[in-house]
Amino acid sequence: MTTTFADLELSANVLRAVEDVGYKTPTPIQQQAIPIVLQGRDVLGIAQTGTGKTAGFTLPMIDILSSGRAKARMPRSLILEPTRELATQVSENFELYGKYQKLNYALLIGGERFEEQSRLLDRGVDVLIATPGRMLDLFERGKILLADVKILVIDEADRMLDMGFIPDIERIVGLLPRIRQTLFFSATMPKEIRRLADAFLSNPKEIAVSPPSTTAENVQQFIARVSKDDKREALRRLLQSEEGLRNALVFCNRKRDIDAVYRALVKSGFNAGQLHGDMPQPTRTATLEKFKAGDIDLLVCSDVAARGIDISGLSHVFNYDVPMNAEDYVHRIGRTGRAGKTGRAFMIATPDDGKYVDAIIKLVKRAPETIAVEGLGEVAEDDGAGRRRRGGKRSEPSANGAVRERQAEPERQAGPERQAEPEPAAEGEADPPPRRETAGGRPAERSRDEAGRRGDRRRGRGRGRDQEDAHIPGDVMDERDDVPFAKADHVPAFLLRQVSIPKPSRNSKEAG
């Protein structure tokens with residue numbers, strides 16, 4: 001028998017709002033979490049993005065908070081989100097589902113004026129949705145009192161950990177009443193997040209709707225291996241070749257690459273936008289709204305910004321950069337293939353990305369299908385000998401050339417002991433001068449080095465080198481004065497000139 005929202009003991013006003021949205025059947029996390037939250041118990045929810053966990057805690061919170069009244073600067077509930085976009089999304093959910101309830105909401109995020117947010121708090125709010133940094137800023141200014149918080153929600157805890165917010169979270173929790181209801185949600189559950197859950201929650205009901213770090217079966221995954229110089233061209237050709245592309249996210253690892261990729265796409269005629277943390281909040285909000293409305297087809301973004309993007313009809317995800325954290329790959333491609341729809345996810349990998357690709361395959365236990373980009377040769381990982389393959393062939397121009405290169409390597413790697421014999425002089429050229437030796441029969445250069453070492457010992461300096469010069473190879477380091485010098489076959493004549501010292505005569509000794 002199919003479970004409906006009416007079976008979850010929600011109030012008539014909430015069910016009416018859900019019906020207006022068009023939802024009829026709750027997702028697994030909603031089906032399990034809503035009754036537990038209504039009972040007042042703590043919840044530890046393990047659910048990936050796109051599973052509907054936001055409605056899983058907003059719907060029951062609206063019913064719980066429907067009775068009571070908020071006091072000035074004393075919110076009755078607190079929801080902590082890692083990013084501005086996620087906080088904005090949760091705020092929109094409360095407005096959507098609580099439109100038949102008389103509840104006040106406040107959104108505290110960076111990039112907004114303190115004065116406007118302070119006015120909202122002075123009127124009293126039932127639900128306070130905030131990012132940790134702005135939350136602590138207003139608390140330290142005396143604008144918020146947390147003594148009346150009855151419900152605490154920590155959302156996307158694993159992302160909080162990645163962004164370094166855990167100390168702020170621990171401080172905020174220390175300011176809250178000990179007797180409260182805590183709802184703790186995370187897409188993954190590493191050891192540090194488990195430790196926090198054990199510290200914050202009291203006898204929680206653990207809900208896991210799917211195994212951690214798995215990808216949806218309805219998302220087709222592909223990988224294209226190209227050279228580093230061909231990445232932008234590969235992205236452009238993949239975008240042009242996808243016939244069913246309606247809208248797509250393009251992920252980059254670094255913010256500085258987002259702008260470069262965005263400009264390249266716009267120059268190629270694509271309707272693209274960009275989204276990252278350094279943009280002003282009004283610009284970020286306007287860009288996101290344009291993308292949701294369909295005014296922008298491609299959005300180049302970072303992992304942090306994309307956590308707040310919830311679009312049920314997103315058709316494609318492109319990983320321009322392979323994520324260095326394998327779990328980020330799960331979150332990225334989880335943006336598509338929602339609500340039972342199919343999605344397509346592409347990953348552009350260079351030979352240097354081999355270890356990151358292997359980590360992703362190991363985590364999700366599924367290897368993406370390898371595809372070739374039309375017009376670009378496929379590049380595989382290093383073959384173990386420093387050579388790479390393009391399109392199944394070695395990148396050397398020819399087999400003979402490769403053999404000559406490999407044969408020449410031992411000579412290039414030979415040390416000082418293995419000197420190549422001098423080639424005979426060409427016709428018409430003078431023979432090279434013979435190597436001059438000292439009276440002892442040793443080469444002059446060798447005698448000079450030995451004399452230098454004897455001088456070191458006499459001066460008590462030894463043979464040690466300064467640590468800052470330790471990177472300089474020994475064969476170009478003068479051990480006498482710890483400065484590098486370049487050796488050559490030619491030695492200045494004045495260094496090789498023999499000096500004869502006359503012996504003192506017997507008469508001079510007697511005179512002394």
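These are my notebook entries on a predicted model of one protein chain.

**Ground rules.** I number residues from 1 along each chain as its sequence is written, and I keep in mind that in this predicted model local features need pLDDT of at least 70, side-chain atom pairs count only at pLDDT 80 or more, and totals for chains, interfaces and linings use all residues. Side-chain values use heavy atoms, with hydrogens and water left out.

**Overview.** I looked up the secondary structure and found 19 helices and 18 strands in the chain, where helices (H or I, at least four residues) and strands (E, at least two) are DSSP runs numbered from the N terminus. Of the 512 residues, 44% count as buried, a word I use for under 20% relative accessible area, with exposed for over 50% and partly exposed in between (1.4 Å probe, protein chains only). Among the contacts in the chain with a separation of 6 or more, 72% join residues 24 or more positions apart, contact being heavy atoms within 4.5 Å.

**The sheet.** I traced an open sheet of seven strands, paired in parallel, in the order β3-β4-β2-β5-β6-β1-β7; two strands pair if DSSP finds at least two bridges between them. The edges are held by β3 (105-108) and β7 (205-208), each with a single partner strand, so one side of each is left without a neighbour in the sheet. From one strand to the next the twist averages 10 degrees. Helix α6 (residues 132-140) packs on the sheet and touches β2 (77-80), β3 and β4 (127-130), its direction making about 120 degrees with that of β4; axes here are lines fitted to C-alpha atoms, for helices over the stretch in contact, and angles run from 0 to 180 degrees between N-to-C directions.

**Strand β6.** I then followed β6 (residues 181-186), which pairs with β1 (residues 43-46) in the parallel sense over four bridges, while four bridges also join it, again in parallel, to β5 (residues 151-154).

**Serine 91.** I checked this residue of helix α4 and found serine 91 buried, with a relative accessible area of 9%. Leaving aside neighbours within four places in sequence, serine 91 is in contact with Leu107 and Ile129.

**Cavities.** How many cavities of 30 Å³ or more are there? I count three, a cavity being a set of points, on a 1 Å grid over the protein atoms alone, where a 1.4 Å probe fits but cannot get out, and lining residues having an atom within 4 Å of a point. The largest has a volume of about 80 Å³, and its lining includes Glu85, Gln89, Arg284 and Lys292. Two or more lining residues come from each of α4 (84-97) and α12 (281-293), and α12 gives the largest share, six residues. The lining of the largest cavity divides into one nonpolar, four polar and five charged residues.

**Helix α14.** Last, I looked at α14 (residues 326-333), where seven of the eight residues are buried, so the helix is largely enclosed by the rest of the structure. Among the buried residues of α14 are Asp328, Tyr329, His331 and Arg332.

Key. On a 1 Å grid over the protein atoms alone, a cavity is a set of points where a 1.4 Å probe fits but cannot get out, and a pocket is an open set with protein on both sides within 12 Å along at least five of seven lines; lining residues have an atom within 4 Å of a point. Grid points are joined across faces, edges and corners, and a volume is the space filled by probe spheres set on the points. Ala, Val, Leu, Ile, Met, Phe, Trp, Tyr, Cys and Pro count as nonpolar, Asp, Glu, Lys and Arg as charged, and the others, Gly among them, as polar.
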